[in-house]
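This report describes selected packing, pairing and contact features of the structure shown below. Headings mark the topics in turn.

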Amino acid sequence: MTTDMTDIVNTTESPLGQQPPDDTVVSTAPRKRRIPKLGMLVGLIWLIGLTVLTVFADYFPFLRLPGVAVLVDGKKQLSYKLGPGDVAWFGVDNLGRDVFAMCIYYARNSLQIGVSSTLIGIAVGGTLGVVAGYFRGWVDRVVSIIVDCLLALPALVLAIMLISRLDDVKAEYAFLEWMTRKWQIILTLSVLAIAPLARIVRAQTLSLREREFVLAARSVGASNKRIILREIVPNLIPTMVTVAFTSLGILIAAEGALAFLGLGLNESWGSMIEGNRQRLEKAWWATVFPCLMLFLTVFAFNLVGDRLARRFDIREAAV
Amino acid sequence: MNTRATTQASPRDIDGPLIELHDVKTHFRTPRGVVRAVDGVSFSLERGKALGIVGESGSGKTILSRSIMGLLPPKTIREGSIKFESREIGNLSRKQMRHIWGKEMAMIFQDPMTSLNPVMKIGKQIAEPLKIHLGMDSKTAWSTAERLLTDVRIPEPARRLDQYPHELSGGMRQRVMIAIALACGPTVLFADEPTTALDVTVQAQILDVLKDARTERNMSLVLVTHDLGVVAGHTDEIAVMYGGRLVEKAPTRSLFSHMKMPYTEALMQSIPKIEDPSHTRLVAIGGRPPDLVNPPKGCRFAPRCPYAREKCHNEEPPLEEAADSAGHLFRCWYPVGSPEYFEARERLTTVSAGIPVTIGDVS
């Protein structure tokens with residue numbers, strides 16, 4: 001009996017010995033929590049700054065109009081005459097336009113396209129996922145097959161195919177008049193966003209529908225509609241926000257890629273890169289700055305998305 | 001009392017038992033075979049009475065209460081008749097049952113930590129059934145919710161309505177669950193292990209809240225638990241389940257004073273007693289619960305019963321009423337108190353005095 005006792009004492013002593021460092025960690029933790037993690041902070045500052053600059057671009061005195069050549073002593077600064085400096089911060093391009101102004105103004109398109117296609121993706125993909133996960137059965141099977149098919153196709157090939165098809169479709173039907181180039185890109189990219197969103201939302205719904213509070217709601221007579229809208233969807237919001245941030249980054253990069261391939265808008269970071277890359281040795285600024293803008297924006301979305309995913313403990317689906 | 005009347009279903013004068021089960025079977029198809037979770041249970045519950053369903057894990061007590069509620073996963077095999085106020089409800093679809101859930105029957109679940117929606121305010125969750133069933137507008141529902149929280153003795157009810165579940169303690173959340181269940185004034189409340197996840201001191205408070213709610217509203221209560229101590233003071237009748245079958249059912253007093261089933265006796269002995277000297281070994285029931293895919297041929301408890309004989313292993317005893325006390329049903333060939341029982345007990349105490357078998361002083 002006594003040996004047993006000493007055994008117990010010995011085993012409990014060793015973790016006790018490691019207690020002091022643990023304590024200090026615990027005591028500093030609450031203070032650190034106040035400030036979001038550095039990556040998240042940098043990402044948020046970049047995104048907020050960019051959004052403010054873009055939205056109120058017309059009111060900032062230091063921003064020129066993107067389509068007008070920079071004038072120095074009344075002369076247009078054509079063919080990359082100005083490098084980065086006081087007059088034009090990011091230099092000028094072939095037509096003498098201010099690269100900085102273009103970078104900011106073109107962010108409008110990138111952000112608009114990214115946000116709208118993500119929203120459409122959430123609306124359609126989220127609905128599909130919730131319905132499939134909640135009702136199971138044949139609905140689930142049909143949705144899963146569609147999602148799997150979409151995921152199996154290479155994204156870029158699908159996008160190129162869709163965009164060129166949409167041109168034909170628009171030419172054929174008069175009621176599709178509203179579908180500008182921008183809308184075509186938004187629709188194409190939202191198709192790409194649907195599949196991963198539907199998949200992750202379905203997985204979450206599958207686990208939520210077995211939770212006890214759903215059973216509790218059912219036991220007081222709530223209808224399916226009510227359970228989905230009141231019990232399940234609110235619990236899906238963290239997931240959706242997280243996936244939205246990650247997919248925003250990816251979709252903005254995809255928009256750049258389409259523009260680079262000449263399938264996107266002309267007023268886009270992607271087409272700036274494409275148009276100026278031949279003259280990279282002579283005027284690096286016209287290519288590197290839009291690249292940096294694209295990179296930093298996507299990076300910022302990923303930093304925020306990652307942080308949210310860790311915060312809400314969401315395992316990343318194949319986006 | 002008058003203010004509360006609005007939340008209550010109007011009393012109906014229907015004679016006869018509130019709930020009547022006849023040969024209820026609930027089976028699940030699994031890859032291993034058909035699991036007979038509830039296998040031929042019959043009993044009835046009177047209006048305003050409290051019934052305790054007792055049994056160890058896997059005895060079918062939770063599935064039995066969910067069978068009555070009709071809250072089972074789809075594709076469950078359901079047989080037998082379940083009558084509620086003389087109306088057959090065993091074969092109703094989920095859609096039809098929705099009018100009964102909440103309004104006539106309500107349920108409280110075991111774990112208050114997971115039974116509340118984490119992203120919805122308490123007030124909204126209580127107001128929900130009021131709006132569904134009683135068609136109240138938001139304002140009335142909100143004030144009724146506040147009154148319900150007062151009924152379940154939650155301090156500062158007005159403030160709680162605006163809080164989220166994570167801001168409340170476990171006992172508090174279970175009270176909120178009770179308030180939600182009571183919202184539409186159900187005729188019968190199923191409490192599925194309502195105190196298992198709670199602190200012992202909170203357990204008593206929750207049971208008192210349930211008791212008061214029952215007497216104030218003339219509501220029936222079905223208390224599902226594995227703890228005989230919980231049902232002792234709070235029920236009129238106790239049903240003991242084992243291996244999907246009802247093995248003993250008696251008025252509470254009669255069950256505790258003259259238990260017939262060796263299984264009930266074993267359950268009683270497994271309760272730690274405060275007057276025992278410290279370091280007394282807890283008495284456990286040897287063996288494990290029966291496999292519900294292939295239940296034993298004879299009495300389902302026979303493989304674990306210290307008094308089992310040849311007959312017990314081969315023939316299943318019927319559910320019979322005891323000769324000496326009315327309303328006391330049991331399912332045993334050689335019940336506690338029979339000559340065979342004493343003989344077997346004698347034999348066991350002399351042969352294996354050292355091993356803590358399930359033998360104790362019954363008187």
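## Strand pairing in chain B

Two strands are taken as paired if DSSP finds at least two bridges between them. Helices (H or I, at least four residues) and strands (E, at least two) are DSSP runs, numbered from the N terminus. The model is predicted: local features need pLDDT of at least 70, side-chain atom pairs count only at pLDDT 80 or more, and totals for chains, interfaces and linings use all residues. Residues are numbered from 1 along each chain as its sequence is written, while chains are lettered from A and ligands numbered from 1 in the order in which they are written.

Strand β1 (residues 19–30) of chain B runs antiparallel to strand β4 (residues 77–84) of chain B, and seven bridges join the two. In this pairing, Lys25(B) lies opposite Glu79(B) of β4(B). β1(B) is also joined by 10 bridges to strand β2 (residues 33–45) of chain B, again in antiparallel fashion. Here His27(B) faces Arg36(B) of β2(B). Two residues separate β1(B) from β2(B), and the pair forms a hairpin.

## Helix packing in chain A

Helix α3 (residues 38–55) and helix α4 (residues 99–135), both of chain A, pack with their axes 8 Å apart and at an angle of about 110°. The axes are lines fitted to C-alpha atoms, for helices over the stretch in contact, and angles run from 0 to 180 degrees between N-to-C directions. α3(A) is therefore roughly perpendicular to α4(A), a term for angles of 65 to 115 degrees.

From α3(A), Leu50(A), Thr51(A), Leu53(A) and Thr54(A) meet Ile104(A), Ala107(A), Arg108(A) and Leu111(A) of α4(A). Contact requires C-beta atoms, placed from the backbone, within 7 Å. The contact of α3(A) with α4(A) involves five nonpolar residues, two polar and one charged. Ala, Val, Leu, Ile, Met, Phe, Trp, Tyr, Cys and Pro count as nonpolar, Asp, Glu, Lys and Arg as charged, and the others, Gly among them, as polar.

## Interface between chains A and B

At the interface, 15 residues of chain A are in contact with 22 residues of chain B. On the side of chain A that touches chain B, the elements giving two or more residues are α8 (212–219) and α9 (224–260) of chain A. α8(A) supplies the largest share, six residues. By class, this side of chain A has six nonpolar, four polar and five charged residues.

Methods:
Angles under 35 degrees count as roughly parallel, over 145 as roughly antiparallel, 65 to 115 as roughly perpendicular and the rest as oblique. Two residues are in contact if their C-beta atoms, placed from the backbone, lie within 7 Å.
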